[in-house]
Amino acid sequence: MIRKELVAASAEPLILSLLARGESYGYAIIQEIKTRSGNRMGWTDGMLYPVLHRLERKGQIKSRWAEAENGRKRKYYFLKKDGKKALEEHDEHWAMVHAALSGLRKERYV
Amino acid sequence: MFDLERAIAEWREQMRTGGLGKTTVLDELEAHLRDDVGAQNEAGVAVEEAFAASVARLGQVDALRSEYAKCELRGRERLWEAFLLLVGIPTHQPAMNMNPAHSNLNIEPRWTTYTKAAVFLAPAAVFWTFAVLFLYPKLNVICQSTGLAMPGAYGMVSFLADHSLVFCGLGIALLALLEWRWNGWEKYRRVSLKSTVFVLNTAVFAVFALMLILALVAAPMMSHATR
């Protein structure tokens, strides 16, 4: 299992990246993240929603209620311009962490 | 026999008593539960077990509540929200029960917005007409007979009164232009119209109040003058 703090830190960039591919709703986002992480990101399902809420407050994403094919209403989220900018920043920062870590790892085996 | 609807209603009640009371939040979590139960059920899990598992995965109400509390509004956001509320726009509460066939449920239909704006503007229009036709000439007479100079701001009132039709026409022309030429107007229509109505109402109320105050100040002087 991935540590709780790391899961929390990666929640926003993961959600933004997913939404960069098109609008989606909470349940689908959770399923996608679970599959992609091989179920090792210990998310309690409910934790995603406050994060979505926070991103919306920050103006990075927007939501709308719409009816799904089965007639049930769902809250769909999509990326806004500020969200795209935030995502670029996240990408940059994660790449920096990754580069530093992998650089150090290589040195260990020299 | 397990009743999913009842179980969901009970779960909502539990969330509410646990301090998570916002309808839209609960609606969203409920949609999640239903999706999750449906998916598990398709995979062969009985509804009752599926529901219990979904609720467990959703997490404790205390944890959820404290997470939501972290993204509450601060300072300026709170002010903006309060203003929208004053104007009559409930925020983060998309209109769910309007016209479901409409492509975007969050945009109020045009006629609703305009009808509401007209209705809410009606009292202000009545007060304004009353003030201009009756109150303002009366005040003029009072001021003249007491030798009290009309404060300059009242000159504005007479200017606006003389040209009310022009201003109305300009406003309507502007709205027509926006409807006609600007595609994005739809998104801002409600908030702009309601804010304008709010500001106009406040202004008319303020003018009316000022006129009354002036009348109250001038009236004793008039009785001195006649004595």
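Q: In what order do the three strands of the open sheet in chain A sit?
A: This is a predicted model, where local features need pLDDT of at least 70, side-chain atom pairs count only at pLDDT 80 or more, and totals for chains, interfaces and linings use all residues. Residues are numbered from 1 along each chain as its sequence is written. Strands here are DSSP runs (E, at least two residues), and two of them pair if DSSP finds at least two bridges between them. The pairing is antiparallel, and the order is β1-β3-β2.

Q: Which are the edge strands of that sheet?
A: Look for strands that pair on one side only. In chain A, those are β1 (24–25) and β2 (61–67).

Q: How many bridges join β2(A) and β3(A)?
A: Strand β3 spans residues 73–79 of chain A, and β2(A) pairs with it in the antiparallel sense. As one example, A:Trp65 has A:Lys75 as its bridge partner in β3(A). The count of bridges between the two strands is seven.

Q: Is A:Ser102 buried or exposed?
A: You'll find A:Ser102 in helix α4 (residues 81–109) of chain A, a helix being a DSSP run of H or I with at least four residues. Buried means under 20% relative accessible area, exposed over 50%, and partly exposed in between (1.4 Å probe, protein chains only). Because its relative accessibility is 15%, A:Ser102 counts as buried.

Methods: Chains are lettered from A and ligands numbered from 1 in the order in which they are written. Side-chain values use heavy atoms; hydrogens and water are left out.
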